[in-house]
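I opened the model to look up a few items and note them here. The entries follow in the order in which I checked them.

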Amino acid sequence: MASMFAGTLLLTLLLAPPVAAQCQMIYNVSVYNDAAVSEDQSMVYGVSTTSDSSILCTCGHGSYETRTTVYAPDGTQYVAASSGFASSLAVATNGRLGTWTVTGNARLFCSCAGLVGAGGVAASIEVQPVVRIQIEPTKQQGSSGFVLTGDTTALTATGYPAGGTFAWQAGPKLLLSGSATQPNVVVRGIEESSSMGDTWVQVTCTVGGKSAAASIRFTVREARRFAALNLGGLDATVRAPPRIRLHHLDHIPIPRPIRSSHRTAESLGNRSSQDVGASASARLSTHPFTSGQHAENRIVK
Amino acid sequence: MIRQQFFRIWPALLCASGVAVASQAQHVHSAPDLPVLVDGAKTPDRIPDELAYAHFLTAVVVEENAPEEARKRQAALLLPLDLEADERQLLVTILGRLKLRLNETEASLRDAAGATQDPQTSRRIAAILEQRKQVIAAAVAEIRRSFSPAVVDRLDRHIQNRVKPKIVIYGSGN
């Protein structure tokens with residue numbers, strides 16, 4: 001009985017006039033949702049866009065509306081709706097770390113069917129603490145830093161959101177000076193690097209129980225050339241000598257230990273001088289103490 | 001059993017005969033929410049490149065003299081592209097021009113949608129929607145011409161890996 005009915009129906013349908021030759025309205029509406037967070041993690045942006053690739057036939061589409069909803073990690077909901085194909089929303093994170101979700105909906109009016117909706121797909125973004133290291137401007141090599149042996153380079157950590165705590169660490173050949181829990185520290189080079197960027201500095205920032213770390217490669221460099229700049233004459237660059245002597249004349253003659261057995265005749269004069277180069281020096285004596293002056297030798301490789 | 005078979009073959013019969021279910025209204029359904037045709041999160045390869053670019057550019061277009069908040073949103077959305085300052089400025093300029101042209105098409109669409117519904121209006125709306133696609137395609141072509149292959153490659157990868165999975169196509173048929 002049923003098979004007879006189905007057979008009759010099939011025959012009826014096959015013999016029916018070809019109404020399919022008429023244009024058939026086919027919906028094709030797409031929705032894109034995305035989320036972004038500002039570099040300083042202070043704002044979350046939700047955006048939704050709509051595209052209509054429907055085959056309209058004799059129908060008309062219009063009154064497009066796109067709606068964006070942003071859900072904060074604490075459950076707070078923010079909604080924005082705009083006429084047209086796009087809608088967006090900016091929400092201040094106010095330190096709310098975690099997963100932010102964005103959903104979007106499209107709505108349009110079809111002259112044949114009335115209001116039609118689509119959407120709801122979610123996009124999410126994580127708002128996490130972020131920390132960045134700023135290197136003293138003259139001590140940068142690309143994104144890495146450098147320090148001269150015996151010298152220091154200043155570093156500053158900036159954490160987002162604000163109010164975090166910091167913990168610095170330095171790799172081999174470097175020594176941290178100052179508090180390792182403050183945003184500002186200096187690193188001292190204690191041994192020349194054997195290759196570029198063979199050591200590192202890292203900082204960890206903790207906010208609201210969540211942590212982020214940043215690290216940079218570091219090179220400890222040895223000065224091999226000196227530049228004499230802006231001294232009133234011609235600027236010059238010379239090869240660094242094997243030994244640098246710094247001579248100071250104290251005003252109060254107090255016996256002080258000689259830090260080096262090398263002194264120069266010139267250093268006995270009533271002036272302070274910097275003597276560069278071993279050839280200009282004359283070996284005098286090796287008194288354990290002297291008064292009124294002292295000298296420093298620094299061996300440059 | 002036979003009844004179950006009947007219900008199974010019924011849709012197939014309709015398709016075979018080419019009869020539209022709602023040939024009078026010319027809509028396949030009238031439900032307020034359209035069903036999912038393609039979920040980009042599951043099958044991103046089924047999202048056409050052209051469509052993904054259209055969505056992304058619509059999301060990031062901002063007039064060059066737009067309020068600061070809009071420009072900051074744009075900057076945040078462009079951040080994953082990792083552009084140099086001059087590259088970013090060039091893209092912002094192209095997007096600013098695109099926004100103006102898209103505004104024009106949307107204004108035309110509003111005018112057309114407000115008119116009396118007849119076949120001519122439908123054709124006009126379809127033409128405007130097509131024009132909108134062409135405007136976006138021209139902007140994509142300009143971006144491809146203006147940037148280095150490395151930047152274009154980064155943008156393509158962003159579209160494939162980030163944008164397509166966040167697109168869902170809804171509709172009544174392919």
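I counted a residue as buried if 20 or more other C-beta atoms lie within 10 Å of its own, as exposed if 12 or fewer do, and as partly exposed in between, with C-beta atoms placed from the backbone. The model is predicted, so local features need pLDDT of at least 70 and side-chain atom pairs count only at pLDDT 80 or more, while totals for chains, interfaces and linings use all residues. Residues are numbered from 1 along each chain as its sequence is written, and chains are lettered from A and ligands numbered from 1 in the order in which they are written.

Chain B. I found that 26% of its 174 residues are buried. I listed six helices and two strands (DSSP runs, H or I of at least four residues for helices, E of at least two for strands, numbered from the N terminus). The order from the N terminus is α-β-α-α-α-α-α-β.

A:Trp100. I located this residue in strand E6 of chain A, residues 98–110. A:Trp100 counts as buried because it has 24 C-beta neighbours inside 10 Å. Its C-alpha atom is 9.6 Å from that of A:Tyr45, 55 residues apart along the chain.

Sheet in chain A. I traced an open, mixed sheet of five strands in the order E9-E10-E16-E15-E12. Strands E9 (140–141) and E12 (165–170) are at the edges with a single partner strand each, so one side of each has no neighbour in the sheet. Pairing requires at least two DSSP bridges between two strands. E10 (residues 144–148) and E16 (residues 210–221) of chain A pair in the parallel sense over four bridges. I noted A:Val147 opposite A:Val220 in E16(A).
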